[in-house]
Amino acid sequence: TNFLDINGASDSTYYICALLDGVEQLPSEKATVWDTNYLTVPLNKPEGGISPDGIEFTYHANDASVGDVDGDGEYEIILKWDPSNSHDNAHKGYTGNVYLDAYKLDGTHLWRIDLGRNIRAGAHYTQFLVYDFDGDGKAEIACKTADGTVDGQGKIIGDANADFRNSEGFILEGPEYLTIFEGPTGKELVTTDYDPPRGKGSDWGDDEGNRV
């Protein structure tokens with residue numbers, strides 16, 4: 001909130017009470033004053049690596065979304081770690097793996113999902129949804145996965161040894177899945193075939209793997 005209390009101090013605490021038919025209801029949890037107009041959340045940065053074409057890469061915090069994954073009434077942050085060698089789908093080159101992390105607002109690291117070598121890194125490949133899909137009061141995470149994706153509990157989806165990257169780093173074959181992961185744990189809940197299917201690349205308008 002950007003509420004301004006002209007008589008407030010840095011050690012003030014605040015709470016809200018709703019009025020229902022003129023009757024004051026029970027107070028909310030108490031909130032303290034921040035020293036800054038932003039919240040600093042410590043992150044667990046993945047280690048970089050070297051891709052098959054000999055390119056060293058590091059990781060940086062990329063897209064994020066929020067949802068209450070554990071049902072405590074407070075948002076958690078779902079953060080995507082993108083490697084420095086991520087590529088647009090029109091560009092050649094191998095990429096490092098993409099990771100999805102869940103953090104509480106105090107920086108507690110709940111889990112990490114490794115999308116694996118068969119999900120290419122780049123804004124065109126790695127969208128994800130955070131929403132309470134089953135209505136149980138806890139948000140789930142949904143995204144495209146592939147053979148070798150590792151859920152937040154260490155379980156591997158599909159064939160752990162599969163590698164569908166071609167000599168230019170593109171992934172133009174092999175199965176694609178849609179997986180829903182459990183919010184509190186990052187555990188795979190259900191995996192199904194991704195729709196629409198990739199099909200024949202040239203049917204999408206080019207044979208270079210761009211549009212497909």
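How many residues lie between β9 and β10 in their hairpin, and which residue in the turn has a positive phi? Five residues lie between them, and Gly107 in the turn has a positive phi of about 95°.

Ground rules, briefly. This is a predicted model: local features need pLDDT of at least 70, side-chain atom pairs count only at pLDDT 80 or more, and totals for chains, interfaces and linings use all residues. Residues are numbered from 1 along each chain as its sequence is written, and side-chain values use heavy atoms, with hydrogens and water left out.

Let's stay with β9. Strands here are DSSP E runs of at least two residues, numbered from the N terminus. Strand β9 covers residues 99-103. Five of its five residues are buried, so the strand is largely enclosed by the rest of the structure. Buried means under 20% relative accessible area, exposed means over 50%, and partly exposed is in between, with a 1.4 Å probe and protein chains only. Tyr99, Asp101 and Tyr103 point one way from β9. Leu100 and Ala102 point the other way.

Now its partners. Two strands pair if DSSP finds at least two bridges between them. Strand β8, residues 76-83, pairs with β9 in the antiparallel sense over five bridges. Trp81 stands opposite Tyr99 there. Strand β10, residues 109-114, also pairs with β9, antiparallel, over five bridges. In that pairing, Tyr103 stands opposite His109.

A pair of aromatic rings is described by the distance of the centres and the angle of the planes. Rings of Phe, Tyr and Trp (its six-membered ring) pair if their centres lie within 6.5 Å; planes under 30 degrees apart are stacked, over 60 edge-to-face, the rest tilted. By this rule the count is four aromatic pairs. One of them is Phe57 with Tyr59: edge-to-face, 5.7 Å centre to centre, 85° between the planes. Phe57 is buried at 11% relative accessible area. Tyr59 is buried too, at 4%. Phe57, Tyr59 and Tyr99 form one aromatic cluster.

Next, charges over rings. The rule: NZ of Lys or CZ of Arg within 6 Å of the ring centre and within 35 degrees of the ring normal. Arg112 lies over the face of Tyr99, at 5.5 Å from the ring centre. The charged end of Lys144 sits over the ring of Tyr194, 4.4 Å from its centre.

Where do Lys144 and Tyr194 turn up again? Both are among the residues nearest the centre of the second largest pocket, along with His124, Tyr125 and Glu176. On a 1 Å grid over the protein atoms alone, a pocket is an open set of points with protein on both sides within 12 Å along at least five of seven lines; a cavity is a set where a 1.4 Å probe fits but cannot get out; lining residues have an atom within 4 Å of a point. Points are joined across faces, edges and corners, and a volume is the space filled by probe spheres set on them. This pocket has a volume of about 600 Å³. Its lining has 28 residues.

Last, the cavity. The count is one cavity of 30 Å³ or more. The largest cavity has a volume of about 30 Å³. Its lining includes Asn118, Phe164, Glu173, Glu176 and Arg198.

Technical notes:
Helix = DSSP H or I, 4+ residues; strand = E, 2+ residues; numbered from the N terminus.
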